[in-house]
Amino acid sequence: MQFKTTLRPLLFVCAVILFFSSCQKDDPTEPKDHIDIETKDATWTKLSIPGQLRGTSAIYGNIDDTLVVATMYKIYMTTDKGVSWQMVNDAGFGIPSFNMYQGELMALSNFQDHSTSPTLFSLDQGKNWSRKGKYGYEVYDKIQVNRKETKISENESYKIVPQPKEIIDKEYGRPLMQPDKLVRVTDKGEQLLDFPFRRQLNYIYHDKKNRLYIGAEGTRFEWSVKGNERTYPTSTDTAIIYISKLPFNGQ
């Protein structure tokens, strides 16, 4: 009899807990896990490095082995296909491009369309960096890297093309910034690629398998309203790298 008297309050308490637990689970205001639909794209792989306000400014290597990425002032490396990132250098100045010359990886410093002037040097594929290179000015003065176009053969290249600011903000009367596009260039002319992401694109590169790598900013081309102030486009603190799943040669 004592056992039955003790069991009834216990069952009542369990029922109450289950009831409130069920209510909480079905609460429509409960935040849901955010699913990034860009990671589900069939043509492009998307990698992200959070906490980087200026986006991806330079790329070198390949996703299968070691990928080195600059997020303006910092250099990151991944050896597990972007699952984790290691910051290997905090340069303190902008890095617009990388270039490899006879086993020496260089971080360049000129933010023109063609980057020049190496300032950081690595002899181990980007893991460690030094301000002293192993060559002289006769080598380094000749180095140029096109940040916005990558040539995969004599007759084929791919480039980032800014779009004309043809949309006018009716309230302020000024043109609105538009997402960049990708273009294939051959001896037959230019062809717009089906690149599905609306982003500001900073850098284009290809690896030895002719897969394209696109460095982008976490820009959203939509209005952000705070009080009486409107901001367009909206920026996020993420550096993004898009990688084509298939090679682009001859497509």
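# Exercises on a predicted model

Ile-167 lies in the loop between E12 and strand E13 (181-186), where strands (E, at least two residues) are DSSP runs numbered from the N terminus. The model is predicted, so that local features need pLDDT of at least 70 and side-chain atom pairs count only at pLDDT 80 or more, while totals for chains, interfaces and linings use all residues. Residues are numbered from 1 along each chain as its sequence is written, and side-chain values use heavy atoms, with hydrogens and water left out.

## Exercise 1

**Solution.** 
- Step 1. Met-177 is ten residues from Ile-167 in sequence, and their C-alpha atoms are 8.2 Å apart.

## Exercise 2

Describe the open sheet that contains E11, giving its strand order, pairing and edges.

**Solution.** 
- Step 1. The sheet has four strands in the order E11-E12-E13-E14, with antiparallel pairing. Two strands pair if DSSP finds at least two bridges between them.
- Step 2. E11 and strand E14 (189-192) each pair on one side only and are the edge strands.
- Step 3. From one strand to the next, the twist averages 25°. Axes are lines fitted to C-alpha atoms, and angles run from 0 to 180 degrees between N-to-C directions.
- Step 4. E11 and strand E12 (residues 156-161) run antiparallel and are joined by four bridges. Glu-149 has Lys-159 in E12 as its bridge partner.

## Exercise 3

Characterise the largest pocket by its volume and its lining.

**Solution.** 
- Step 1. On a 1 Å grid over the protein atoms alone, a pocket is an open set of points where a 1.4 Å probe fits, with protein on both sides within 12 Å along at least five of seven lines; lining residues have an atom within 4 Å of a point.
- Step 2. The largest pocket holds about 610 Å³ of space, the volume being that filled by probe spheres set on the points.
- Step 3. The lining has 25 residues, and Tyr-60, Met-100, Tyr-205, His-206 and Asp-207 lie nearest the centre.
- Step 4. Among the elements that give two or more residues to this lining are strand E2 (58-61) and strand E15 (201-206). E15 supplies the largest share, four residues.
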